[in-house]
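Here is a quick, friendly tour of one protein model.

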Amino acid sequence: MEKVSKWVISLLAAGLSLFHIWGAIGGVYPPFVQYPVHLGVVLMLAFLTYRAWKVKKEPGQVEDEAPRPRQVPWYDWLLALAVVPVFGYLVVYHDYVVERWPLTASFPLTFWEMTFALAAMLLIFEATRRIMGWPLIIISIVFLLYCRFGNAIQFSPALHHRGFSVRHILDYMYLTDNGIWGPAVAVAATYMVLFVIFGAFVEKGGAASFFIELSLAIAGKTKGGPAKVAIFSSGLVGMITGSTTANVYTTGVFTIPMMKKLGYRSSFAGAVEALASNGGQIMPPVMGAAAFIMASYLGIPYTRIAISCAIPAIIYFVALYIYIHIEADKVGLKGLSEEEVPRLGEVVFKGLHLISPLLALIVFLLLDLSPLRAAFYAILVTVAASWIRKDTRMGPREIWGALVGGGLNNVFITTACAVVGYIIGTFILTGLGINITSLVISLSQGIFFLSLVFIAIACLILGMGMNTTAAYILVSVIGVPTLTKQGVDPLVAHVFCFYVACLANITPPVCLGVYAGAAIAEADMWQTGWDAVKMGLVAYILPFMVAYNPAILLKGPWSTIFMETATATLGTIFIASSIQGWLWRKYNWPERIMALLGGLGMFWPGLTTNIAGVILVSVIVYFQRYWTPKAELKPTA
């Protein structure tokens with residue numbers, strides 16, 4: 001039975017990948033065929049691979065994202081089979097579903113449609129519970145209850161609506177493209193899935209190992225080398241995976257033990273990996289899944305979003321690199337020995353061909369190929385490039401493994417998108433999004449900064465225990481209309497929400513990326529979370545800078561873009577040094593405050609603040625280089 005389970009799971013996962021690869025070649029199917037097939041197979045895989053109750057880990061064993069026994073219980077087989085009629089109905093009658101008028105007496109919900117709609121909700125909730133826990137389900141249930149009983153709310157006109165019957169709610173969520181089949185699942189079942197499959201092919205071709213070795217060869221011998229290796233490797237791998245937690249488990253098992261061996265604290269090592277992995281989601285060309293949804297919302301090419309977000313991503317990683325360098329200098333940590341670091345020339349010679357899939361993907365996107373075709377051709381390039389060297393060659397077994405891995409890697413993302421559909425559907429059906437937009441503007445008294453703060457807080461709260469995609473979708477419904485109503489460019493508004501959503505992975509108390517890093521490092525979660533917050537201060541400022549200074553999203557004259565990028569990059573150095581309390585030597589308190597103010601002045605847009613920042617940091621540099629405190633002066637003989 002165990003072998004049967006394994007083969008069924010493999011066939012379903014590989015079949016899902018082949019279904020989408022075929023769609024990239026011949027064109028996608030109609031929405032109510034494409035989406036239910038994708039979500040149906042994903043839910044079947046969820047029930048067959050994620051157990052209803054987590055398995056206790058052995059002492060000393062790192063807890064996997066979804067620890068599960070090999071044997072599939074009988075009730076999970078029943079749940080997987082129940083998916084077939086529930087979503088198969090939409091596939092068989094997709095023409096009828098498209099042509100009907102929802103919520104009208106002309107097309108009343110039949111008994112079977114109502115049964116399938118309710119079953120779909122329960123199946124999605126159960127899959128979500130197994131994969132991500134209760135938070136997202138509880139939020140969804142609250143919104144559905146609001147959808148049903150919102151007419152009873154009298155204390156707030158912004159929250160009051162006419163109320164909807166259970167029949168109408170089920171109709172709207174199951175049989176229209178505004179519920180579970182809304183933009184989130186639409187993007188997950190078309191564009192996003194191909195890039196996830198592409199990532200599986202690249203990883204199976206050996207790119208992840210090559211990126212780690214390349215990072216080790218470049219930064220391994222520098223001060224605090226292993227931590228810098230974590231930055232480079234996690235950023236490179238994160239471009240492919242687009243998932244903070246998956247990235248931590250991919251590279252962290254290698255980089256965290258190296259950091260601990262060199263002398264870094266366990267919590268610091270876990271925090272470095274969590275932050276570096278989180279940065280992979282905002283690093284082009286393959287950003288997090290939310291970027292594809294953003295492109296769909298804005299109606300612009302994904303390429304434009306990737307190019308626009310390049311500068312903020314670079315600033316993010318520069319800040320992290322400087323923080324780690326100063327930490328190593330302050331503590332006196334050295335790099336790895338000559339024997340522990342591979343030769344750069346050998347690494348490049350052996351694995352340079354593994355970069356070609358990423359370069360090919362960038363070229364295809366720049367040539368204005370559709371994301372589907374670009375990802376498909378990049379997969380072909382990956383397989384072809386792997387044959388350049390014998391040790392990376394992808395044969396039938398490796399290709400099959402990539403197809404299976406690509407299918408399985410879609411389970412987490414698609415399930416989150418499906419359950420969020422109930423929340424988004426409620427916003428649209430009840431008009432809540434428009435009302436809350438007005439409420440936020442009213443509470444902020446028209447003060448732009450307060451609006452940003454309220455949206456950021458909402459995103460961090462809603463993002464607890466969720467992946468970035470789910471958090472971004474939730475907050476963009478409120479945040480984007482609020483910001484655009486105040487004159488913010490739509491792209492800037494979406495990027496702000498996206499960046500703040502990424503912060504949910506590293507912000508306590510519920511921070512999945514930090515949990516993963518702390519588990520591997522065997523460190524205290526709270527201390528790891530606190531280290532991540534301190535280390536990621538620039539990451540918390542970055543969304544606000546984007547909102548106030550669209551130039552770093554390549555909006556405006558090139559002279560302005562260059563100046564703002566240069567000053568922001570330099571500002572990160574002094575912000576990081578202020579947090580560390582160290583530049584070339586230990587700061588005293590006046591120096592530390594001046595460094596922070598100077599760094600913020602350079603980081604923040606505007607000529608006046610930039611000049612003030614330059615003056616302050618110039619004073620700091622002078623004192624740090626040419627003045628020694630009396631306490632440190634050594635008596636002469």
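Lys 555 counts as partly exposed, because its relative accessibility is 24% (buried means under 20% relative accessible area, exposed over 50%, and partly exposed in between, with a 1.4 Å probe and protein chains only). Its side chain meets that of Asp 489 in a salt bridge, at 3.5 Å from N to O (a salt bridge is a side-chain nitrogen of Lys or Arg within 4 Å of a carboxyl oxygen of Asp or Glu). Asp 489 lies in the loop between α22 (468–485) and α23 (490–503), and Lys 555 in the loop between α26 (537–548) and α27 (558–580), so this pair ties together parts that are 66 residues apart in sequence. Asp 489 is also partly exposed, with a relative accessible area of 31%.

A word on the ground rules: this is a predicted model, where local features need pLDDT of at least 70 and side-chain atom pairs count only at pLDDT 80 or more, while totals for chains, interfaces and linings use all residues. Residues are numbered from 1 along each chain as its sequence is written, and side-chain values use heavy atoms, leaving out hydrogens and water.

The structure holds nine salt bridges. One of them joins the side chains of Arg 130 and Asp 76, at 2.6 Å from N to O. That pair links distant parts of the chain, 54 residues apart: Arg 130 sits in helix α5 (residues 111–132) and Asp 76 in helix α3 (residues 74–92). (Helices are DSSP runs of H or I, at least four residues, numbered from the N terminus.) Arg 130 is buried at 7% relative accessibility, and Asp 76 is buried at 0%. Both belong to a network of salt bridges that links Arg 51, Asp 76, Glu 126, Arg 129 and Arg 130.

Asp 531 and Lys 534 pair up too, with 4.0 Å from N to O. They're three residues apart in helix α25 (residues 525–535), so about one helical turn separates them. Asp 531 is buried at 2%, whereas Lys 534 is partly exposed at 28%.

## Helix α1 and Ser 10

Ser 10 is in helix α1 (residues 2–26). With 13% relative accessibility, Ser 10 counts as buried. Leaving aside neighbours within four places in sequence, Ser 10 is in contact with Trp 400 and Val 404 (contact means heavy atoms within 4.5 Å).

What follows α1? That would be Gly 27, with a positive phi near 100°.

Technical notes: Helix = DSSP H or I, 4+ residues; strand = E, 2+ residues; numbered from the N terminus.
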